[in-house]
Amino acid sequence: MENREKEHLLALKVMRLTRPSLYTTQPIATDSKYFACTLLNEELKQDLGSAEKLKYCNSGNLLMLPQSFGNIYLGETFSCYMSVHNDSQQTVTSVQVQADLQIGLQKIVLTGQRGNYCSFTQLNPDESVDDVIHHEVKEIGTHILACTVNYTTMNNEKLHFRKFFKFQVSKPLDVKTKFYNAEDFISDEVYLEAPLQNITFAPMCLEKVALEPSTNFSSRQLNTVETDKGVIPVFGEVNCLNPQDSRQYLFCLTPKPGTQSYSKLVKNVASIGKLDIVWRTSMGERGRLQTSQLERMAPGYGEIRLIITEIPSIVILEKPFPVTIKVINACDRSLDLLFTLRNSFSNGILWHGISGQKFNNLEKGSHISVSLEAIPVRPGLQSVSGLVIKELFLKRIYNFNDVTQVFVTTDHHPDEKSS
């Protein structure tokens with residue numbers, strides 16, 4: 001490459017523009033009883049980069065230029081400085097400089113401060129033409145920066161040459177999403193949990209973590225707490241993430257009035273929206289990451305859904321306690337149901353009451369409430385099971401086991417309601 005460049009009259013230099021870093025020292029602390037303690041402390045004081053009045057602090061006072069190309073992360077702005085210098089004793093004309101970014105099969109023409117093409121009528125000996133390029137990185141993987149220089153010699157010979165610079169773009173954050181549906185069928189709310197993890201090698205400060213909902217939903221963030229001083233963020237005003245640290249964010253989504261109802265959304269894949277994340281590095285460089293459209297898969301409720309609406313959290317051994325359940329028709333037709341209670345001595349909770357109740361003509365989207373009574377026969381944390389519903393038209397049987405848990409004690413504690 002160097003031999004080919006010597007044949008040309010012009011030379012191209014490309015440098016990445018990054019902010020400087022702090023020069024750090026490596027302090028060595030010793031106990032005062034050792035003879036070398038005074039010598040080491042004096043040596044530390046004479047270090048130009050050591051922090052003033054802080055003997056054992058390794059953060060320096062000097063700014064240091066980058067010693068390597070460094071890491072580039074998705075969402076950051078890639079900046080580079082290009083300089084074309086006339087190393088010859090001849091004047092060249094029609095000088096053009098172009099920069100392209102190749103990402104797989106995709107080619108992006110980069111625009112500098114002088115436009116897409118940096119053009120000059122002529123370039124005299126020892127003169128240079130410079131340009132600065134900024135590009136927001138939006139894809140991970142291998143990137144190739146291709147710089148092309150065209151010029152004409154005094155003999156009207158048109159020449160050109162190219163230089164290639166390869167670099168990798170990595171993910172700065174590991175973003176995962178989990179969806180939770182409201183337990184109450186009447187409610188249209190959907191909850192989004194978004195854990196974020198810093199997978200870079202340097203700390204970052206999260207400035208913004210917001211959810212941009214789709215047209216079907218409105219969102220509400222649940223990442224603040226109310227105090228005597230007002231509403232403050234859960235993670236504080238300055239949300240700093242060290243490498244490998246994580247934060248969990250929670251959002252609540254509700255279908256907008258006039259859009260399709262929850263019963264329709266629940267049976268289809270619904271687009272929720274996009275997460276918009278903005279951060280800054282330790283030297284103030286800004287990065288932004290926006291996820292692709294988040295989609296919530298339809299939960300497998302089937303035709304019938306059963307919810308425990310009221311049950312004590314603590315019950316007394318061998319003393320009956322009330323249970324209230326809600327049975328919901330989640331299909332598109334009316335149902336005739338047969339509700340059965342099944343007991344097994346392997347369970348710690350036994351049902352007490354009438355089994356085999358019939359519920360006819362339960363309309364689609366509607367629900368019924370059923371009051372039951374159960375007896376705990378084994379102490380400890382016990383599961384509520386043995387609820388069976390048979391759909392009489394298609395003869396389908398739905399078994400509901402481990403629907404909730406209660407704590408059975410032998411002491412007389414007051415009942416604590418939970419729904």
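# Strands, cores and cysteines

User: Thr152, buried or exposed?

Analyst: Thr152 is buried, at a relative accessible area of 9%, where buried stands for under 20% relative accessible area, exposed for over 50% and partly exposed for what lies in between, with a 1.4 Å probe and protein chains only. Before going further: this is a predicted model, in which local features need pLDDT of at least 70 and side-chain atom pairs count only at pLDDT 80 or more, while totals for chains, interfaces and linings use all residues. Residues are numbered from 1 along each chain as its sequence is written, and side-chain values use heavy atoms, with hydrogens and water left out.

User: Where does Thr152 lie, and what is Thr152 in contact with, leaving aside neighbours within four places in sequence?

Analyst: Thr152 belongs to strand 10; strands (E, at least two residues) and helices (H or I, at least four) are DSSP runs, numbered from the N terminus. With neighbours within four places in sequence left aside, Thr152 is in contact with Val92, Thr93, Ser94, Glu157 and Lys158, contact being heavy atoms within 4.5 Å.

User: Which strands does strand 6 pair with?

Analyst: Strand 6 pairs with strand 10 (residues 141-152) in the antiparallel sense over eight bridges, and Ala99 stands opposite Cys147 of strand 10. Strand 6 also pairs with strand 7 (residues 106-109), again in the antiparallel sense, over four bridges; two strands are taken to pair if DSSP finds at least two bridges between them. Gln102 has Lys107 in strand 7 as its bridge partner. Strand 6 and strand 7 form a hairpin with two residues between them, and Gly104 in the turn has a positive phi of about 65°.

User: New topic: how many residues are in the largest nonpolar core?

Analyst: The largest nonpolar core has 48 residues, and those with the most contacts inside it are Leu10, Met82, Leu145, Val149, Tyr151 and Leu206. Strand 6 (residues 92-103) supplies the largest share of this core, six residues. A nonpolar core is defined as a set of buried Ala, Val, Leu, Ile, Met, Phe, Trp, Tyr and Cys residues joined through side-chain atoms within 4.5 Å. There is a second, separate core of 29 residues, which includes Leu306, Cys331, Leu341 and Val384.

User: Which strands form the open sheet?

Analyst: Three strands form an open sheet in the order 1-5-9, with antiparallel pairing, and the edge strands, each pairing on one side only, are strand 1 (10-16) and strand 9 (128-136). Strand 1 and strand 5 (residues 77-86) pair over seven bridges in the antiparallel sense, with Lys13 opposite Ser83 of strand 5.

User: Now the loops: where is Asp402, and where is Gly353?

Analyst: Asp402 lies in the loop between strand 33 (396-400) and strand 34 (404-409); it has a positive phi of about 55° although it is not a glycine, and it is exposed, with a relative accessible area of 54%. Gly353 is placed in the loop between strand 28 (349-351) and strand 29 (357-362) and is exposed at 58% relative accessible area. Gly353 and Glu373 are 20 residues apart in sequence, and their C-alpha atoms are 6.4 Å apart in space.

User: Last one: how many helices and strands does the protein have?

Analyst: The protein has three helices and 35 strands, and buried residues make up 36% of its 419 residues. Of the contacts with a separation of 6 or more, 71% are between residues 24 or more positions apart.
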